Structure formats: C-alpha cells, structure tokens
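Subject: Structure handover

Hello,

Here is the structure I said I would pass on. Please open it beside this email and find each part as you read.

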Amino acid sequence: MAADKRRKRKPVRQYFSTPKKGCRTYGANKKWRCNASRPKCSSTEGDLIISTPLQERALAEALCSQCNYVEKPKVNCLSLFDGLSAGLFVLLNRLGLDVGNYFSSEIDEDATKVQTFHFFEEITKVGDVRNLSTYHLKKFGAVNLLLAGSPCNDVSRVNPLRKLLYDPDGTGILFFEFIRIRNYLNAAAMEGGYEFFWLFENVTNLDADTLQDMNSFLGCTPIKMIPASSTRERYFWGNVPGMKEKHMDIRVNFVPLQSFLDPGRTAGIDLLGTITTSSSSTKRKGTGCDAVVFQNGEPSELHLTEIEKSLGFPSHFTDVNLPYTRRLKLLGKTWDIDIVQDILEPLCTLFRKKAVLET
Ligand SMILES: C[S@@+](CC[C@H](N)C(=O)[O-])C[C@H]1O[C@@H](n2cnc3c(N)ncnc32)[C@H](O)[C@@H]1O
C-alpha cells in the first residue's frame with residue numbers, strides 16, 4: 001500500500017524544474033547557484049534512490065543543467081560571416097538558449113534576406129566585418145560568444161587560382177578580421193570579468209602552410225568534424241568547453257541519404273557527398289545513368305529541401321523567393337547544424353535557457 005502511494009507521487013526530477021517556496025539552494029557560487037527544491041520521497045521503481053544528503057546534493061548538481069535558474073546570464077553573440085545565421089538557429093532552435101543580442105556581420109544580400117525572413121526580431125545586422133572598428137565593438141557591450149567561418153574560396157585547395165591568406169585582393173585575408181576581433185573581445189572579457197567563447201570554422205583541404213599559419217594566429221589546432229549525413233568534413237577551432245574531446249575524425253554512424261528524400265524518390269547512393277555552391281555537387285559524378293537520386297526510375301537532381309534537411313535545417317529554410325542556384329550557393333557555404341549543436345551544447349550549462357525543460 002505504502003509502495004503504491006509512493007509510485008503515484010510526482011517523479012523526483014520535477015522537483016528540480018521550477019524553484020518553489022522554501023527551496024534549498026545548492027552550489028557555492030551565489031551568482032551561478034541552482035535553486036532546487038528538496039525531494040521529499042525516494043523512488044523505489046526507477047534507478048533513482050536518494051537516501052543521504054550527499055546523494056541529494058549530487059543529484060541536484062547533476063540536474064542543474066536542466067534547471068532554468070534566473071541567475072544565469074543570457075548569451076550575447078557576435079557572428080561574423082554569418083551567412084544563413086546557422087549559429088543563431090542552433091542557439092535558439094536546437095539548444096533553446098535565451099539569446100540577448102545577436103550581432104550579425106554579413107554582406108551577401110541573399111543571405112541577409114533569409115536572415116530577415118526567419119530572425120527579423122532577433123538579429124542586429126552590423127554589415128561588413130571590415131568596418132567593425134573598436135568603436136563599434138565597444139558599443140556591442142559584453143559579447144560572450146564569437147562565431148565565424150570566413151570565406152574559404154581563396155584558401156581551399158579546390159581552387160587552383162586561390163589567393164591564399166595574405167593577398168589584399170582575395171577573401172582569404174578576411175581571416176585576419178576574425179583574429180583582430182577575437183583578440184579585442186577576449187581582452188574586453190578579461191577586463192570585464194565575463195565569459196568569452198569563440199568558434200572558428202573552415203574547410204579541411206587547406207595547404208599545409210595555410211593551416212600552420214591559421215593555427216598559429218588562432219593559437220590552437222582544429223578538431224575535424226564529419227557530419228553524419230554527408231562527407232562534408234570541416235575544421236573547427238575554438239575554446240568552447242569540451243571541444244577538444246569532440247574529435248569526430250572517424251564516422252561512427254551515418255544517416256543515409258534516403259532518409260532526407262521527398263516521397264517517391266530513391267537514393268542512388270548511401271551517403272551524400274559534399275554539397276558545394278556548384279550545382280554539379282548535387283549530381284553524381286561519373287558515367288552512365290547513375291545518379292544521386294532517382295524519381296520514377298529516372299535520374300534526378302537533389303531538391304533544395306532535401307539538401308536543407310540533410311544539413312539540419314527545416315525544409316524551405318532558404319525559400320525566400322530566390323532561384324535554385326542562389327539558394328544552393330547559400331546552402332553550399334553554410335554549417336552542418338548537428339555539428340555546431342554538438343560543439344555549442346556545453347554552453348547550456350553556463351547561459352540561460354529560454355524555457356524550463358519539462359520532464
Ligand atoms: C563560408 S560562408 C559562412 C556561412 C555561414 N557560416 C553559414 O552558416 O551560413 C562566408 C560568408 O562570409 C560572407 N562575407 C564575405 N565577405 C564579408 C565581409 N567583408 N563582411 C561580412 N561577411 C562577409 C559571405 O557573404 C558568406 O556568406
């Protein structure tokens with residue numbers, strides 16, 4: 001009988017989801033403390049049995065990441081070379097973080113059109129990265145997160161005419177805008193005593209000299225991340241907690257192309273290749289009638305919605321009255337959402353979430 005009553009009580013986890021009157025406070029640091037009410041029962045059914053104060057406290061701390069405690073700050077982000085605002089998509093839609101400011105530096109009109117469509121309220125557009133002087137950076141206030149993936153066309157080995165990092169007429173030189181801004185924001189955060197994280201992305205097919213120079217200016221080596229849905233690997237440099245352990249050099253599991261295809265279409269290959277800004281990347285290279293996708297038995301091009309889904313965006317994310325080739329250009333340059341989510345996830349323990357996670 002007593003056991004039956006216990007079973008009917010709310011699960012212990014619920015006591016941690018919202019601070020209640022008379023709750024206990026765990027954690028030494030007042031600023032970052034977690035308000036968690038004390039569970040009054042022990043669960044005999046599940047694997048959760050709380051019997052000592054030590055266990056109770058350990059449980060509270062373990063569940064801290066699921067609490068929405070008000071003392072955590074909102075995350076303020078500056079995203080350089082922002083493209084489709086994949087960074088903001090991850091922060092809001094995947095991690096559920098409460099984003100204070102999101103400053104977006106981007107010059108491509110098609111990209112800004114997509115940004116406006118989805119994030120009109122959330123984004124402050126700040127234009128060309130080269131115009132972001134110290135004066136502007138100061139006005140942004142405390143920036144906790146700097147995101148960037150500078151243009152790769154002049155550093156990628158795919159381009160035989162690449163101008164590399166130092167040619168003032170190329171786009172490779174924009175890399176140094178990131179370094180300039182990262183160094184400024186880092187110093188400002190140290191002086192202001194607040195958290196500052198940065199993440200920088202680029203392609204993996206860099207010349208050895210270019211990689212060495214980038215490593216040396218960035219002050220670390222990158223991790224190589226391979227998405228589950230394609231062969232499109234990327235390098236990521238940064239100081240996000242836990243990043244170094246995320247070396248996904250070996251694909252553990254993959255999501256087959258078939259799972260992204262629209263109804264009535266059949267994948268001609270198991271795993272999607274690297275989608276670039278060129279429409280040839282949506283077709284299978286080679287001979288015969290082999291194709292990436294078949295429809296009614298005939299070779300077919302990948303739909304943009306299929307590419308969007310494979311990257312982790314909702315279908316039609318770039319559908320803002322742009323033609324196929326221009327949408328493909330945006331998608332060919334953007335980030336894999338799952339990968340960026342994976343890297344940024346630890347920020348959830350440091351910054352405020354939008355809503356309480358209900359159990
Ligand atoms: C590799 S893409 C980054 C895409 C982005 N990470 C995303 O997820 O969509 C590089 C971006 O830098 C932008 N860009 C190029 N020159 C720029 C500049 N001077 N200031 C700001 N953005 C610039 C390009 O328009 C392009 O969208």
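Below is what was found, going from the whole chain to single parts.

The whole chain

Please keep in mind that this is a predicted model. The protein chain contains 10 helices and 12 strands. It has 359 residues, and 34% of them count as buried. Among the contacts with a separation of 6 or more, 64% are between residues 24 or more positions apart.

Start with β4, which covers residues 99-105. Five of the seven residues in this strand are buried, so β4 is mostly covered. Strands of a sheet pair through backbone hydrogen bonds, either parallel or antiparallel. Which way does β3 run relative to β4? Strand β3 (residues 75-80) and β4 run parallel, and five bridges join them. One place to look is Leu 80, which stands opposite Ser 105 in β4.

β4 also pairs with β5 (residues 123-125), through three bridges, and these two strands run parallel as well. Here Phe 103 stands opposite Thr 124 in β5.

Helices take part in the links between these strands. Helix α3 (residues 86-94) forms a right-handed β-α-β unit together with β3 and β4. Helix α4 (residues 109-119) forms a right-handed β-α-β unit with β4 and β5.

The three-stranded sheet

Another part to find is an open sheet of three strands, in the order β10-β11-β12, with antiparallel pairing. Its edge strands are β10 (265-267) and β12 (298-300), each of which pairs on one side only. On average, neighbouring strands of this sheet are turned by 40° against each other, direction ignored. Between β10 and β11 (residues 293-295) there are three bridges, and the two strands run antiparallel. Within this pair, Arg 265 has Gln 295 in β11 as its bridge partner.

How many of the eight residues of α8 are buried? In this helix, residues 304-311, six are buried, and α8 is mostly covered. The buried ones are Leu 304, Glu 306, Ile 307, Glu 308, Ser 310 and Leu 311. What covers them includes α9 (324-333) and α10 (337-344). Just after α8 comes Gly 312, with a positive phi of about 105°.

Helix α10 is mostly covered too, with six of its eight residues buried. These are Ile 337, Ile 339, Val 340, Asp 342, Ile 343 and Leu 344. What do the buried residues of α10 pack against? They pack against helices α3 and α8, and against the strands β7 (197-203), β8 (223-225) and β9 (234-238).

Around the ligand

Last, look at the ligand. There are 19 residues around it, and those that come nearest are Phe 81, Gly 83, Ala 86, Asp 108 and Thr 334. The shell around the ligand divides into 10 nonpolar, four polar and five charged residues.

Regards

Notes:
Residues numbered from 1 in each chain as written. Predicted model: local features only at pLDDT ≥ 70, side-chain atom pairs only at ≥ 80, totals over all residues. Buried ≥ 20, exposed ≤ 12 C-beta atoms within 10 Å, placed from the backbone. Helix = DSSP H or I, 4+ residues; strand = E, 2+ residues; numbered from the N terminus. Contact = placed C-beta atoms within 7 Å. Pairing = 2+ DSSP bridges. Right-handed = clockwise from strand over helix to strand, strands pointing away. Near = placed C-beta within 6 Å. Nonpolar A, V, L, I, M, F, W, Y, C, P; charged D, E, K, R; others polar. Axes fitted to C-alpha atoms, helices over the stretch in contact; angles between N-to-C directions.
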